[in-house]
Amino acid sequence: MNANQFLKAVAQLHGWREYAFLLALAERAFPNYALFADAVGLKTAAKMRQLLDLSWALLQKRGGAEAALPQMLAKLENLSPNVEAYDAYGVYPAFDFCQLLEQALLCRLNPERHRATEASRLATATIMQFVEVSDGEDLDEDELVRLLDHHPLMKEDKRFQRELVLSLRRQRVPDEDFVAALRAEAANDGVSNLGIALDA
């Protein structure tokens, strides 16, 4: 699947598949939030984990579940860090995670508006910025492009997102086994899209 085919496939995600795609991106990014919260002494990681778990639970619920969404979005807003308030770089990936989860919940609230393409770009941009900050400081533009093209984190993100789209397209309904496998793949044993681990 080349880049154009991937973008087309993401653009064709609708309904539960789009919601699941957004949730999986958020799940992969969750350690970025948890580690930042821990580093700056915020006691919000467990509450955010609970909110993410509730969001996954909605994937298999039919009808009526939407009633909880405004409350969940309000809770997410309260748990989201204000990027202006922190000097640490970690606030940006943490905030990006919050945006991904927000897009998932908004997708469930208003399925008519497509959100997956933008979220896919956001997830990748988080990694690009991280690579730039950690490895690309003294590089010129060409060297930076080469670094990003060959960086293991960028390659892993591409693999993860493409396999995610393919598995969602193949699946007819979000049954329990499929959702469990999807969550496990997205959770990646607690290692985020930036290669940082919750148990580090």
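These entries go from the nonpolar cores to the ring pairs and then to the charges over rings.

**Entry 1: the main core.** I kept in mind that this is a predicted model. I looked up the largest nonpolar core and found 50 residues in it. The residues with the most contacts inside this core are Phe21, Tyr33, Met48, Phe97, Leu101 and Leu168. Next I checked which elements give two or more residues to the core, and I noted helix 1 (3–11), helix 2 (15–39), helix 3 (45–58), helix 4 (69–79), helix 5 (91–109), helix 6 (116–135), helix 8 (152–170) and helix 9 (176–187). Which helix gives the largest share of this core? I found that helix 2 does, with 15 residues.

**Entry 2: a second core.** I also came across a separate core of 8 residues. Among its members are Ile127, Leu144, Leu148 and Leu194.

**Entry 3: around Phe97.** I went back to Phe97 and listed its contacts, leaving aside neighbours within four places in sequence. I wrote down Ala26, Ala29, Phe30, Tyr33, Met48 and Leu52. Is Phe97 buried or exposed? I read a relative accessible area of 0%, so Phe97 is buried.

**Entry 4: aromatic pairs.** My count of aromatic pairs came to 6. I looked at Trp16 and Phe178, which pair edge-to-face at 6.0 Å centre to centre, with 85 degrees between the planes. Trp16 belongs to helix 2 and Phe178 to helix 9, so this pair ties together parts that lie 162 residues apart in sequence. Both partners fall under the 20% cut-off for buried: Trp16 has a relative accessible area of 18%, and Phe178 has 12%.

I then turned to Phe30 and Phe97, another edge-to-face pair, at 5.6 Å centre to centre and 70 degrees between the planes. Phe30 sits in helix 2 and Phe97 in helix 5, so here the parts tied together are 67 residues apart in sequence. Phe30 counts as buried, at 5% relative accessibility. I also noted that ring pairs link Phe30 and Phe97 with Tyr33 into a cluster.

**Entry 5: charges over rings.** What lies over the face of Phe30? I found Arg49 there, 4.9 Å from the ring centre. For Tyr19, I saw the charged end of Arg108 over the ring, at 5.5 Å from its centre.

Methods. Residues are numbered from 1 along each chain as its sequence is written. This is a predicted model: local features need pLDDT of at least 70, side-chain atom pairs count only at pLDDT 80 or more; totals for chains, interfaces and linings use all residues. Side-chain values use heavy atoms; hydrogens and water are left out. A nonpolar core is a set of buried Ala, Val, Leu, Ile, Met, Phe, Trp, Tyr and Cys residues joined through side-chain atoms within 4.5 Å. Buried means under 20% relative accessible area, exposed over 50%, partly exposed in between (1.4 Å probe, protein chains only). Helices (H or I, at least four residues) and strands (E, at least two) are DSSP runs, numbered from the N terminus. Contact means heavy atoms within 4.5 Å. Rings of Phe, Tyr and Trp (its six-membered ring) pair if their centres lie within 6.5 Å; planes under 30 degrees apart count as stacked, over 60 as edge-to-face and the rest as tilted. A charge sits over a ring if NZ of Lys or CZ of Arg is within 6 Å of the ring centre and within 35 degrees of the ring normal.
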